[in-house]
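Open the model in your viewer and keep the selection tool ready.

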Amino acid sequence: MAASAGPEIERLIGLLAKLPGLGPRSARRAALALLKRREQLLVPLAASLAETAEKVVSCSVCGAPDTRDPCSICSDRTRDNGLICVVEEAGALWAMERSGAFRGKYHVLGGLLSALDGVGPDALRIAELVGRVRGGEAKEVVLALPATVDGQTTAHYLAERLAGSGVEITSLARGVPVGGELDWLDDGTIIQALRARRPA
């Protein structure tokens with residue numbers, strides 16, 4: 001990248017460009033916005049990043065990021081210990097929590113199995129999940145993984161690893177979203193919705 005500003009600004013742009021959804025142009029615009037609003041945005045953001053880097057840890061039980069270990073969800077005694085929801089990353093956990101519909105515990109894998117990317121079982125928190133299920137009070141494991149090839153491969157692998165544990169293995173329903181119109185849906189979603197149909 002040709003230097004058009006000081007090295008500190010170019011480094012900021014380069015780091016911002018590494019974030020998901022931000023390319024070089026978007027990173028440059030974001031850096032300019034931060035610099036224009038230095039006191040309102042840049043300084044508080046820098047302080048927040050430093051504090052987050054210092055205080056956030058991965059929960060030793062579920063793998064979710066939090067400022068304490070075990071995390072606030074694993075420490076919550078009102079949640080159902082018999083129900084474990086397996087997610088790919090913390091973002092999926094946060095989405096589940098936003099819904100307010102799930103009151104069990106979680107397990108963050110830290111990714112998905114991918115032969116193409118060379119991600120095998122040892123690179124994920126699969127052994128920890130198996131240990132939790134076999135040594136704990138789990139009654140059901142909900143596989144809340146993406147409806148992608150890697151997501152389904154991972155779900156199949158987990159179901160095989162957990163077979164014989166006496167724990168019910170379920171997965172999230174797939175199909176027509178609330179408010180969705182059929183003519184906007186892809187073929188795979190329609191096929192899955194038909195397969196998962198239930199009495200009206």
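Start by selecting strand 3 (residues 80–87) and strand 5: they pair in the parallel sense over four bridges. Helices (H or I, at least four residues) and strands (E, at least two) are DSSP runs, numbered from the N terminus. Two strands count as paired if DSSP finds at least two bridges between them. Now pick Cys 85; opposite stands Val 142 in strand 5.

A word on the model. It is predicted, so local features need pLDDT of at least 70 and side-chain atom pairs count only at pLDDT 80 or more, while totals for chains, interfaces and linings use all residues. Residues are numbered from 1 along each chain as its sequence is written, and side-chain values use heavy atoms, with hydrogens and water left out.

Click Val 141: its bridge partner in strand 6 is Ile 169. Then trace the chain from strand 5 through helix 7 (residues 149–162) to strand 6; this β-α-β crossover is right-handed. That is, with the strands pointing away from the viewer, the path from the first strand over the helix to the second runs clockwise.

In what order do the four strands lie? The order is 4-3-5-6, in an open sheet with parallel pairing. Strand 4 (104–108) and strand 6 stand at the edges with a single partner strand each, so one side of each has no neighbour in the sheet.

Now bring in the helices. Helix 5 (residues 90–99) lies across strand 3 and strand 4, at about 160 degrees to strand 4. Axes are lines fitted to C-alpha atoms, for helices over the stretch in contact, and angles run from 0 to 180 degrees between N-to-C directions. Helix 6 (residues 126–135) packs on the sheet and touches strand 3, strand 4 and strand 5. Contact means heavy atoms within 4.5 Å.

Finish on helix 7. Which of its residues are buried? Select Gly 151, Thr 154, Ala 155, Leu 158 and Leu 162. Buried means under 20% relative accessible area, exposed over 50%, and partly exposed in between (1.4 Å probe, protein chains only). The buried residues of helix 7 pack against strand 3, helix 6, strand 5 and strand 6. On the face turned away from that buried side, find the exposed Val 149, His 156 and Glu 160.
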